[in-house]
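What follows is a walk through one protein model, taken part by part. Please keep the sequence and the structure in view while reading.

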Amino acid sequence: MPSVKLTSLSEAAGLVRDNDEVTISGMTFFRNPMALISAIIRAGVKNLSFVDREPGLGLDIMVASGAVNRVRAAMATFEHYGLAPTVRRKAEEGAISYLEDTCGAVIAGLRAGAQGVPFMPTRGVVGSDLLKIHEAAGTWKVIEDPFTGEKLVAVRSIEPDVALIHVHVSDEYGNAMIMGPRFEDELKIRAAKMVILSAEKVVGSEELRKLTRDLGLTLSATSLYVSAVVRAPEGAWPTGVYGLYEPDYGAIEAYYKAAKQGLAANWIRDNLLRRWQ
């Protein structure tokens with residue numbers, strides 16, 4: 001019988017340590033674990049590394065609050081607004097380190113982590129200037145296909161210390177369901193050393209089984225991988241959650257404008273931290 005993982009936001013945030021490497025669910029303005037991010041900011045966790053394929057609001061807020069000082073991502077974007085404003089400014093100022101990646105390589109690294117193998121080969125980046133950067137960082141290496149001799153890039157396994165994942169429904173043991181786009185979240189859940197879930201709804205295990213059966217879905221997380229579950233209705237706001245609520249573009253634009261003026265901390269204090277006290 002699995003153990004009960006249900007806990008509070010503050011207790012879940014206490015599992016994240018200074019200098020951990022973290023990843024988060026969703027992308028840009030969709031299903032970011034904002035309640036968990038708020039709790040981590042409130043807990044004062046510092047010097048985090050961040051890895052993801054296409055992060056947006058959640059990453060920018062973690063950088064603006066001083067929680068993250070190292071970023072590895074294919075792109076940090078605010079969709080039609082442009083690049084993530086605080087990430088861009090801090091990277092240009094040299095206040096954070098930014099390792100530019102590619103979507104395919106990040107996914108390959110997460111897939112290696114999820115499968116428990118040391119690296120995953122990928123095509124398409126041989127000849128890129130990124131190759132020298134990543135070879136120096138120890139994240140990529142050119143190898144030769146032992147069967148054909150083709151030059152490939154081996155992407156070192158990505159195994160974040162913590163994955164912060166917002167889901168639609170979980171039971172109290174960490175068996176959880178995501179509806180709609182899952183992005184790389186199922187790889188992150190299996191690659192990370194520790195998984196913390198926030199859930200729009202926490203239901204009994206039998207109700208969860210019925211939901212997945214009725215919807216024809218499979219579980220995205222099982223109790224085997226999950227360390228903590230937090231009940232967090234609208235826990236992705238102002239990002240959206242498929243089938244439940246759209247991104248709050250009014251709030252996102254207000255944050256973007258504040259961040260462009262160097263006032264992101266005020267927006268975070270007045271809107272995010274007060275929402276999940």
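This is a predicted model: local features need pLDDT of at least 70, side-chain atom pairs count only at pLDDT 80 or more; totals for chains, interfaces and linings use all residues.

Helix α4 makes the biggest contribution to the lining of the second largest pocket, giving 3 residues. By type, the lining of the second largest pocket consists of 8 nonpolar residues and 2 charged ones, with no polar residues.

Helix α4 itself covers residues 85-93, and Pro85, Thr86 and Val87 within it are buried. What lies over the buried residues of α4? The cover includes α3 (57-64), β5 (97-100), α9 (249-260) and α10 (264-273). Just past the end of α4 comes Gly94, with a positive phi of about 80°.

The largest pocket comes next. It holds about 210 Å³ of space. Its lining is made up of 14 residues, and those nearest the centre of the pocket are Glu21, Val51, Arg72, Leu99 and Thr139. Strands β3 (48-52) and β4 (68-73) are the elements that give two or more residues to this lining. The lining of the largest pocket has 6 nonpolar, 3 polar and 5 charged residues.

In soluble globular proteins, nonpolar side chains tend to be buried together. Here the largest nonpolar core contains 53 residues, and Leu48, Ile61, Ile196, Tyr255, Trp267 and Ile268 have the most contacts inside it. Helix α2 (residues 34-43) supplies the largest share of this core, 7 residues. Apart from it there is a second core of 14 residues, including Ile178, Ile189, Leu197 and Val202.

Why is α2 described as largely enclosed by the rest of the structure? The reason is that 8 of its 10 residues are buried. These are Met34, Ala35, Leu36, Ile37, Ser38, Ala39, Ile40 and Ile41. After α2 comes Gly44, which has a positive phi near 80°.

Helix α3 is also mostly covered, with 8 of its 8 residues buried. They are Leu57, Gly58, Leu59, Asp60, Ile61, Met62, Val63 and Ala64. Ile61 is one of the residues with the most contacts inside the largest core. Following α3 is Gly66, whose phi is positive and near 85°.

Not counting residues up to four places away in sequence, Trp267 touches Ile61, Trp237, Pro238, Ala251, Ala254, Tyr255, Ala258 and Leu272. Two of these partners, Trp237 and Pro238, are joined by a cis peptide bond with omega about 5°. Pro238 sits in the loop between β12 (226-231) and α9.

Arg31, in the loop between β2 (21-24) and α2, has a phi near 55°. Its relative accessibility is 2%, so Arg31 counts as buried. Asn47 lies in the loop between α2 and β3, and its phi is near 60°. Asn47 is partly exposed, because its relative accessible area is 32%.

Two further residues complete the tour. Arg123 is located in the loop between β6 (119-122) and α6 (130-137). Is Arg123 buried or exposed? With a relative accessibility of 60%, Arg123 counts as exposed. Leaving aside neighbours within four places in sequence, Arg123 has contacts with Glu150 and Leu152. With Glu150 there is a polar contact between the two side chains, at 2.8 Å. Arg123 and Gly104 are 19 residues apart along the chain, and their C-alpha atoms are separated by 8.5 Å.

Leu215 belongs to helix α8 (residues 205-215). At 42% relative accessibility, Leu215 counts as partly exposed. Beyond its neighbours within four places in sequence, Leu215 is in contact with Met177 and Met179. Leu215 and Thr102 are 113 residues apart in sequence and 33 Å apart in space, C-alpha to C-alpha.

Conventions
Residues are numbered from 1 along each chain as its sequence is written. Side-chain values use heavy atoms; hydrogens and water are left out. Buried means under 20% relative accessible area, exposed over 50%, partly exposed in between (1.4 Å probe, protein chains only). Helices (H or I, at least four residues) and strands (E, at least two) are DSSP runs, numbered from the N terminus. Contact means heavy atoms within 4.5 Å. A nonpolar core is a set of buried Ala, Val, Leu, Ile, Met, Phe, Trp, Tyr and Cys residues joined through side-chain atoms within 4.5 Å. On a 1 Å grid over the protein atoms alone, a cavity is a set of points where a 1.4 Å probe fits but cannot get out, and a pocket is an open set with protein on both sides within 12 Å along at least five of seven lines; lining residues have an atom within 4 Å of a point. Grid points are joined across faces, edges and corners, and a volume is the space filled by probe spheres set on the points. Ala, Val, Leu, Ile, Met, Phe, Trp, Tyr, Cys and Pro count as nonpolar, Asp, Glu, Lys and Arg as charged, and the others, Gly among them, as polar. A polar contact is a pair of N or O atoms within 3.5 Å; within protein, one must be able to donate a hydrogen and the other to accept it, and residues adjacent in sequence count only if both atoms are side-chain atoms.
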